[in-house]
Amino acid sequence: QLQLVESGGGLVQPGGSLRLSCAASGFSLDYYAIGWFRQAPGKEREGVSCLWSSDDFIDYAGSVKGRFTISGDNGKNMVYLQMNNLKLDDTATYYCAARGGRPSRDWWSDAARWKYWGRGAQVTVSS
């Protein structure tokens with residue numbers, strides 16, 4: 001059974017850092033892409049970053065580029081999202097998602113394109 005579990009959320013001050021982890025089970029990251037998404041109250045779920053490890057395809061939303069870094073450890077079936085210089089607008093529930101095959105730069109940020117989802121981890125940026 002394919003499962004995704006996020007961890008590492010919490011409360012942080014503006015300018016601080018957090019690292020989210022996504023533990024994948026029941027499938028191999030060699031054949032599945034992982035995406036990170038977030039959803040703030042009253043807003044649509046938005047793509048933050050994605051990783052297809054087979055050819056090191058990585059992309060980021062413009063709002064996080066230069067601040068967030070996605071990485072993976074296929075041996076451990078783990079994907080991480082390092083978030084630096086966090087801003088108030090980064091407050092949201094963060095989800096990892098998986099889908100088979102290589103995503104496209106054109107549509108990876110479309111949540112409807114991703115089949116499997118974790119339950120989410122809350123990230124709150126507040127002073």
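**Figure 1. The largest nonpolar core.** In this predicted model, the largest nonpolar core has 29 residues. A nonpolar core here is a set of buried Ala, Val, Leu, Ile, Met, Phe, Trp, Tyr and Cys residues joined through side-chain atoms within 4.5 Å. Buried means under 20% relative accessible area, exposed means over 50%, and partly exposed lies in between (1.4 Å probe, protein chains only). Trp36, Leu81, Met83 and Tyr94 have the most contacts inside this core. Two or more residues come from each of β3 (18-25), β4 (32-39), β5 (46-52), β7 (68-73), β8 (78-83), β9 (92-100) and β11 (121-125). Strands (E, at least two residues) are DSSP runs, numbered from the N terminus. In soluble globular proteins, nonpolar side chains tend to be buried together.

Residues are numbered from 1 along each chain as its sequence is written. Local features need pLDDT of at least 70, side-chain atom pairs count only at pLDDT 80 or more, totals for chains, interfaces and linings use all residues, and side-chain values use heavy atoms, with hydrogens and water left out.

Figure 2. Which residues touch Met83, leaving aside its neighbours within four places in sequence? They are Gly16, Ser17, Leu18, Leu20, Arg67, Phe68, Tyr94 and Val123. Contact means heavy atoms within 4.5 Å.

Figure 3. The structure holds 1 disulfide, a pair of cysteine sulfur atoms within 2.5 Å. This link joins Cys22 to Cys96, with 2.2 Å from S to S. The partners sit in distant parts of the chain, 74 residues apart: Cys22 in strand β3 and Cys96 in strand β9. The link of Cys22 and Cys96 is right-handed, with 65 degrees about the S-S bond. Cys22 is buried at 1% relative accessibility. Cys96 is buried too, at 0%.

**Figure 4. The cavity.** A search of the whole structure finds 1 cavity of 30 Å³ or more. On a 1 Å grid over the protein atoms alone, a cavity is a set of points where a 1.4 Å probe fits but cannot get out; lining residues have an atom within 4 Å of a point. Grid points are joined across faces, edges and corners, and a volume is the space filled by probe spheres set on the points. The largest cavity has a volume of about 40 Å³. Its lining is Leu29, Tyr32, Ala33, Ile34, Leu51, Ser53, Asn74 and Val79. The largest share, 3 residues, comes from β4.

**Figure 5. Loop residues.** Most residues other than glycine have a negative phi. Asp56 has a positive phi, near 60 degrees. Asp56 lies in the loop between β5 and β6 (57-60), and is exposed at 61% relative accessibility. Asn85 also has a positive phi, about 50 degrees. Asn85 is in the loop between β8 and β9, and is partly exposed at 41%. Lys76 is in the loop between β7 and β8, and is exposed, with a relative accessible area of 59%. Lys76 and Val12 are 27 Å apart in space, C-alpha to C-alpha, and 64 residues apart in sequence.

Definitions and conventions: Helix = DSSP H or I, 4+ residues; strand = E, 2+ residues; numbered from the N terminus. 1 Å grid on protein atoms, 1.4 Å probe; cavity = no way out; pocket = protein on both sides within 12 Å on 5 of 7 lines; lining within 4 Å.
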